[in-house]
Amino acid sequence: MEHLKSQGIALPKLGLGTFRMQGDACRAAVESALGLGYRHIDTAEMYGNEEAIGAAIAASRVARGDLHVTTKVWHENLAPEAIRSACDASLKKLRLDHVDLYLVHWPSRSMKLTAVFETLLKLKEEGRTRAIGVANFTTALLKTVVEEIRAPIACNQVEYHVMLDQTKVAKYLAARSIPLVAYCPLAQGRVASDATLAAIGEKHDASAAQVALKWLLDQNGVAAIPKASRAESQQANLDALKVKLDDADRKAIAALPKDRRCVNPGFGPDWD
């Protein structure tokens with residue numbers, strides 16, 4: 001599988017998202033994914049499933065060096081000591097001595113960005129994470145982090161799919177060789193019922209979801225982390241890598257509405 005190299009890490013372009021997976025079902029899903037060949041697992045302290053993921057990783061025979069694990073600190077824990085406590089708690093639950101990528105999950109109006117990234121960099125220096133990054137950051141916030149603070153972020157994780165335009169943030173990241181990691185890449189299942197995507201899929205002996213996923217993965221500097229709890233769905237997402245879209249397909253996808261956001265950022269126009 002292709003990897004995105006950024007800030008000393010190699011991020012597999014296709015990973016497993018685990019939002020809303022819990023307990024034994026989460027553990028089983030991660031064990032299944034690792035068995036099928038997934039090597040990129042995404043979680044967060046807010047998901048409440050790090051213990052289950054840690055158990056799945058421990059039970060697997062995958063060498064730690066072959067596995068990429070991302071977790072995130074919640075927006076309520078962005079004071080320096082709170083970040084450090086949250087990171088230590090995540091590592092304990094995951095049964096790991098380090099994660100590969102540690103992200104600010106959501107920006108907070110009360111956060112002090114300089115102090116946040118000073119703390120994250122200390123965690124990196126101490127070996128608790130191999131790289132740091134952000135999620136749900138707008139271009140305005142990215143400019144502060146990248147151009148003013150000069151933090152070495154390895155990615156920005158945002159909602160991105162065929163039904164949502166992310167051109168502005170994608171262009172900013174691409175110009176600086178910072179990967180974009182797409183969550184909700186299947187628009188929380190909405191792509192499955194789209195007639196345009198289904199027609200493209202029929203042409204390629206693929207599903208609408210596989211078409212939508214491959215459209216993302218074909219883009220330079222973009223990774224995707226679809227949630228998939230069933231082995232069949234996990235395999236289908238892996239099989240999306242084999243789909244070969246042509247210019248006509250991309251033109252048809254470009255014509256789809258691009259304003260269907262699944263996750264409400266809850267901030268307002270001053271965050272644009």
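**A walk through one predicted chain**

Now, what about the inside? Of the 272 residues of the chain, 53% count as buried, meaning under 20% relative accessible area.

You can find 10 helices and 10 strands in the chain. How does its radius of gyration sit beside the globule rule? The radius is 18 Å, close to the 19 Å that the rule gives for 272 residues, so the chain is as compact as a globular protein of that length. If you draw a box along the principal axes, the C-alpha atoms fill roughly 55 × 45 × 30 Å.

Next, contacts. Take those in the chain with a separation of 6 or more: residues 24 or more positions apart account for 75% of them.

Which order do its strands have? This open sheet of eight strands runs 3-4-5-6-7-8-9-10, with parallel pairing. At the edges stand strand 3 (16–17) and strand 10 (222–224); each has a single partner strand, so one side of each is left without a neighbour in the sheet.

Let's zoom in on strand 10. Its pairing with strand 9 (residues 180–183) is in the parallel sense, over three bridges. If you'd like a spot to look at on screen, find L180, which stands opposite V222 in strand 10.

Last, the charges. The chain has 35 positive and 32 negative ones, and their mean positions are 1 Å apart.

Notes
Residues are numbered from 1 along each chain as its sequence is written. This is a predicted model: local features need pLDDT of at least 70, side-chain atom pairs count only at pLDDT 80 or more; totals for chains, interfaces and linings use all residues. Side-chain values use heavy atoms; hydrogens and water are left out. Helices (H or I, at least four residues) and strands (E, at least two) are DSSP runs, numbered from the N terminus. The radius of gyration is taken over C-alpha atoms; the globule rule is 2.2 Å times the number of residues to the power 0.38. Buried means under 20% relative accessible area, exposed over 50%, partly exposed in between (1.4 Å probe, protein chains only). Contact means heavy atoms within 4.5 Å. Lys and Arg count as positive and Asp and Glu as negative; His and the chain ends are not counted. The place of a charge is taken as NZ of Lys, CZ of Arg, CG of Asp or CD of Glu. Two strands pair if DSSP finds at least two bridges between them.
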